[in-house]
Structures are given as C-alpha cells and as structure tokens.
Amino acid sequence: MQPKQSIVHLPVYQPGKPIEDVKRELGLTEVIKLASNENPFGSSPKAIEAIQAELANISIYPDSFSTELAAAVGSYLNVTAKQLIFGAGSDEVILMLARAYVHPGDETIMADETFSIYKHNVQVEGAVCIEVPLKDGTHDLPAMLAKVTDKTKIIWVCNPNNPTGTVVGKDELHAFLKQVPEHVIVVLDEAYFEYVAEEKAPDSVALLGEFKNLVLLRTFSKIYGLASLRIGYGVGHPDVIHFINQVREPFNTTRVAQAAATASIQDQAFVAECKARNAEGLRYLTGEFERMGLHYFEPNGNFVMFDTKLPSTQVFDGLLRRGIISRARWAHYPTYIRITVGSQEQNEKFIAALEQVLQEAAVLG
Ligand SMILES: Cc1ncc(COP(=O)(O)O)c(C=O)c1O
C-alpha cells in the first residue's frame, strides 16, 4: 500500500484545542475558547428556526445545487447563481480550487504567514508553494507579483489575513489585479469580510466584472456563526465556477446547512449587531495591549495578533491553565499569540489572565 508521494510528509491539521479536552485535562469547570475565530454571539435566531424546520427532511438528500441558498446569496450580492459555488466550509472551496486548477509541478503563490489550508491543498496536488514573506504583517503584493511565472496557477490573497488580521488597500489590490496575467487565478479569501470597516473593505464583488480570473471566498462560519454546519462559498466568473463544480462532490453541503445559511444571509440585522460588538471588543483589546506596551497588528477581522514579548508557548500554557484557549506557534512570530474577540466578559477575563501570566513571567524571569 503506497499513498500519494505528495501527502506522505503532510501534517494532520491541528485545530484550536477543544473546550471539553481542556476542561478534562486541567480539571477546569469554565473554559473560554478564543482560538478559532468563532462568533461569541452565536448565530441568528432565524437560522435556528430554519434548522428546526429542516430537521423533518434530513432523510432526503440535499439539493445538489443549493438552489434556494444560491438565490438568496445571489440577490444579496447581486450576482447570478452561475457565479456561485457552495462548499462544506470555504475550506472545501479551497480544496476544489486546488483540485480543479493545480497539477503536479505547477506553482501557486501565497503569503508567509497566511491561512495554512492553501498550502496543504496545493501540496496534496503535488504542486509548488511559493511563499512570500509578509511586510509589516501585510501581504506584499508587488513581491508576490514578481514571483509569477508561466507555471503559476493560483495566487492566494487572504484579506483580512489570518493570522495577522491586516488588509491590503483598495487601490493596491486593484493595481495588483491589473498586473496579474490572465492565466493566473487570484483567490481573494474574505472569510472575515463582514467584520471589515466599510472604508477599508474593497468592493470585491464589483471587481469581478473587471477581472475574470478573480475568485472570492466567503463563509457562514464566522460572523454568521454557523461554523459547525460547514458552509461557505466562492464567487467568480461562471466559466471558472463551472470547472470548480465539475470536481464538487454531488451532495457536499447539507440540507440543514443550506437552510440555516439561507435564513442567515437574510438576517443582516444580526450581522450588523455582531460587527458593532466585535468593533467594541477590538477597541477594548487593542486599548489594553497599548496600556501594557504590547505590539499588535492592526486588526480588521474578529481576532488580534499581539506580541507577548515571551515565547508564545509559555504564554499559551499560562493562559490555558487559567481556562483561556488561544492560538500560538506561528513560525515567523515566535512571541505572538492570536486571540479571537470574545464577548466583553470573555475579553475582560482574557486580559486579566494575560496580565497574571505576564506578571508571573516577570517575577520568574
Ligand atoms: C482565512 C480563512 N479562510 C477560510 C477559513 C475556513 O473557514 P470555513 O471552512 O469554516 O468556511 C478560515 C477559518 O478559520 C479562515 O480563517
């Protein structure tokens, strides 16, 4: 038995530590998970209602083309159903893009560091990842452009970038897209788009009219609070979406997820409220980091990456013992931690725990 050579050395994805594991391992009764950029305010009550109504139908396969959801998303974004592809999370759309467009030996370009799933899927296909260092925590688009060759198939731009939270400017993005050759697909991953302040968010849907090689990724896992239902989508030119559809599994999203997502996109009041509460949380957290003299990258999503000035694993462990799950171990940022914006109560508990950990380290150090 021989697996594909391209996967032999791949790591198994390590998600944020689950709450139940931490409770059991450390004997804690209260644990706050601020590790996976989930929505601390839950999901829309309209989504819950839709889920409950759909439960009666779960013995029937779902609609392979997510027709109702495509109509709802299409009308929200002002695009046609032929421009949309749905996946089991945007993770699956990333997988399908790699499967449809990347051959062994092809090249794809991405930032270093960025969301790890691009690299994973490109490597599964036996293709080459050209990783371009971030500049001050932000995508260095000119440097990425300079890496384009005849073999380049996809450039991945994560906006806001996970883990740093930075965004590329609207003008910079437009200038970049104008210079990318037509044979290269640009994937603009906008998993956190809905959190971005209006003046900073590019009108990426409008850019689709100008650039046939642009594919946007959005998800219902973040601000819409449907992470466990696994539903996300891609938006692009119908020809590109057609090819992605050709590698899609027939029933890749569930009835329950489609129903919940349809109700969710129609409840923009919930989204607006979460956006406002997240902005408040960001103001609080960044204010506290400033008070403590800790550097952070300008956050535009629902998370902040900040410098603990200590080995981040030490701070991660200290926070964990106090019931806070964070995210550490960033290859190029060994002293940085990424923390999801929680509810105000969670944010205050996190800051109190962080101060204790840092004080303990100062005493011990
Ligand atoms: C930048 C980015 N893209 C995509 C995803 C995938 O999200 P999902 O598969 O839940 O839609 C995530 C999840 O954390 C993310 O941070």
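I began with burial: 54% of the 365 residues in the protein chain are buried, where buried means under 20% relative accessible area, exposed over 50% and partly exposed in between, with a 1.4 Å probe and protein chains only. I note that this is a predicted model, in which local features need pLDDT of at least 70 and side-chain atom pairs pLDDT 80 or more, while totals for chains, interfaces and linings use all residues. Residues are numbered from 1 along each chain as its sequence is written, and side-chain values use heavy atoms, with hydrogens and water left out.

Next I looked up the fold, and found 13 helices and eleven strands in the protein chain, taken as DSSP runs (helices H or I of at least four residues, strands E of at least two) numbered from the N terminus. I then saw that 74% of the contacts between residues at least 6 apart in sequence join residues at least 24 apart, a contact being heavy atoms within 4.5 Å.

For the surface, I noted that the protein chain exposes about 16700 Å², of which carbon and sulfur atoms supply 54%, by the Shrake-Rupley method with a 1.4 Å probe.

Last, I turned to the cysteines and recorded zero disulfides in the structure, a disulfide being a pair of cysteine sulfur atoms within 2.5 Å. The sulfur of C129 has its closest cysteine sulfur in C158, 14 Å away and therefore too far for a bond. I also looked up burial here: C129 is buried at a relative accessible area of 18%, and C274 is buried at 2%.
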